[in-house]
Amino acid sequence: MRNKIKYFLVLVFLLNVFKGFSQFDPGTVCRVENGKTYFRIDLRWNNDQKKELTRLFDLDSLVLDAVYSGKKEIEVKNAQWKMVKLNDHLVELSKVIKSVPVKPTTVNDIFMVDDRWLNIAGEAERQSVEYGVNRFTNIAVFHYRDGVAFFFLPGHKEAKRVFLSGSFNSWSTEHTPMQICDSGWVVSLNLKPGKYSYKYIIDGRWVNDSFNKLKENDTDNGNNSIVYCYNHIFRLRGYTSAHKVILTGSFNGWNENELSMIRINGTWMLPLYLREGTHSYKFIVDKDWITDPENNLKRPDGSGNFNSVIGIGDSIVFRLKGFRDAKSVVLTGNFNGWNTGELFMDKYQDGWQLYYVLGPGNYEYKFIVDGKWTTDPANPSTTGSGDYMNSFLTLKANYVFQLDKFPDAKVVSVAGSFNGWNPGNFIMVKKNGKWIFPIYLKPGKYTYKFIVDGTWILDPGNELWENNEYGTSNSVLWIEP
Amino acid sequence: MEAKVDNIVGNFLFDTGAAQLVLNSTYFRKFLTTTGGEGTGITGSTGVTRHAQIKILDVAGLIYKEQPADVTDLGHIENRRNIKVLGLFGLGMLKGLEIVIDVRHNELRLYRLDKTGNRISIHNNEFRADVTERIEFYHNILFVKVKIGGKMLNFCLDTGAESNVLNSYAPKKALSTVTILRRSDLIGTGPGESEALLGKLNDFVFGEHQITGMQTIITSLDALSSTYGYPVDGMLGYDFFEKGDICINLVKNELKISFTKTD
């Protein structure tokens, strides 16, 4: 019996030793005491475990390197760390928690405890969406045709009032009442192609669409249902013996699995929403990559092959006058990832031109004439300077920055939250004695300033401004949806 | 909350962390009654609260006339959430009322109370509470007692905060029950460089009722405590409010919770 206990104890001991080699429990790594953070680090952790440690606790790799080299006092980026050896392989790292500085305090400033970091901790920033496909489990609950979207909420016949609320009506709780019908509630409304989020309000209760598998986190109130109003159908006739046809393109990063086409009456089809602009694509027919046989517009992909190209929205003409003797002129810009081998311009009587579809937005571009990069001589709007100067183009501008003072200034630019506060980036143009800069901005809040010959000023024509963290102020602009 | 202030329509944040009515200076600079310090115009100092008088304020059917208000810069709230914020609507605005916060249904219900603190309308059923706790006011900020790791702590209630917050100088016994999940260096745009820790509250008791599954930010609240002249061990934010329906009775000075039944 005594032997058994002995064996048992030895076994427990061995297990613990064994565990010690690989143990990495994030829950026990860090603790807080008396305003200090303590990290207990096992020097035997492997690279993956170290990586995980850095990821979870935002520890600078310089700090970790110093720990592994046995330093007792570590200073990295103005932070003082202390290291204490607990045993052969266990060390404890500690540091005073830097507190959130509370500004000269009014009672209401105190809640500035910064929660931006919540975003750092995983919530991806919402980006403007390139494309989308709906995922309804009941196809009757949503239709979109000719600009009219039809929503159907089955059941809930006992409800007194039902509203549809979403990004299309600024989440109004009253704008869009639904009508009762035989089997539920219906409403139709005019919507442009795009992505929308929505919920139903049934007798004051917010619910998402249970027949819609596309959901997105809403910061306030659980999940919103997501719907796309389509603007294009991809079609591939024939290939009836193919097992599988996939649509792939620049819009989904050339994903080879995601967008399966459906065969209907001998044609492979896929309706979807595509953002305005120019997209390249191909079909993958049972692993064979082919261009669209019914689309004549094909462009080189830069590595010797061709892609089919489709434009959604209005096309604009890029023109470069003269250079009739040049062998080739290529258009390149941020709209095609500065690809230098794709957009070969066509010769016309006065020079070179290319029709290209771009959605609303701000674009930078250059022409490459026989290998030599040049800005567009016909366009006075530029960004940057020197070799980094690009021509700047705004399509469907929804705002014009204006400054009607300082007519004698040499250089006036606008900088703000929309261009990373870069003062040399958006150079304003003088027109009829006013400095102007047309721009496309997505709905939301922007802060900005003008820079007149090197001096930063508020927009004198805008009475909205707020203080900034440098003790000065910024002009405030809201672009309404 | 949608509200109308002297014909300007927009959103107000209901913020138990705010004392009264606070207006965003970006939109209400013209309303300032005290002109001192405004002369410089362009620079305008931060953190200074000035005052204004509002003729008519209409919030959810509650009408306030000749209402005094603080005016301060709320740009940081706007910038973080990208919503237009006309101001904050503090608890002091709701004296004599009972407030029910139902986060899950995105609802804020207000009830008029009689002198003894009971709802006036007979159609309004009383709030069914799982827990009732006393609240204390200090500078119009609402405080409740909570227990973490067996230690009784002073927490203020803040509907405006997105997360709970625990003071990094809280008693060792309390902090030792928190599992630290993450840490993040906040490299801010300004001089306000700081760091935050995210932890899981393993032993949180509110009025004899154990609440599980809540997270908290851990940071130093000493500056806040000295502002109040009252020790603040932490704040209860959205994480707490989503645990159930919260009812604040501003006559009886009680906080009640009806927990959401989880399956």
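1. In chain A, 44% of the 481 residues are buried, where buried means under 20% relative accessible area with a 1.4 Å probe and protein chains only. This is a predicted model, in which local features need pLDDT of at least 70, side-chain atom pairs count only at pLDDT 80 or more, and totals for chains, interfaces and linings use all residues. Residues are numbered from 1 along each chain as its sequence is written, chains are lettered from A in the order in which they are written, and side-chain values use heavy atoms, with hydrogens and water left out.

2. Chain A holds 5 helices and 42 strands, these being DSSP runs of at least four residues (H or I) for helices and at least two (E) for strands, numbered from the N terminus. Of the contacts in chain A with a separation of 6 or more, 64% are between residues 24 or more positions apart, a contact being heavy atoms within 4.5 Å.

3. Chain B, for its part, has 5 helices and 21 strands, and 52% of its 263 residues are buried. Among contacts in chain B between residues at least 6 apart in sequence, the share that joins residues at least 24 apart is 61%.

Key:
Buried means under 20% relative accessible area, exposed over 50%, partly exposed in between (1.4 Å probe, protein chains only).
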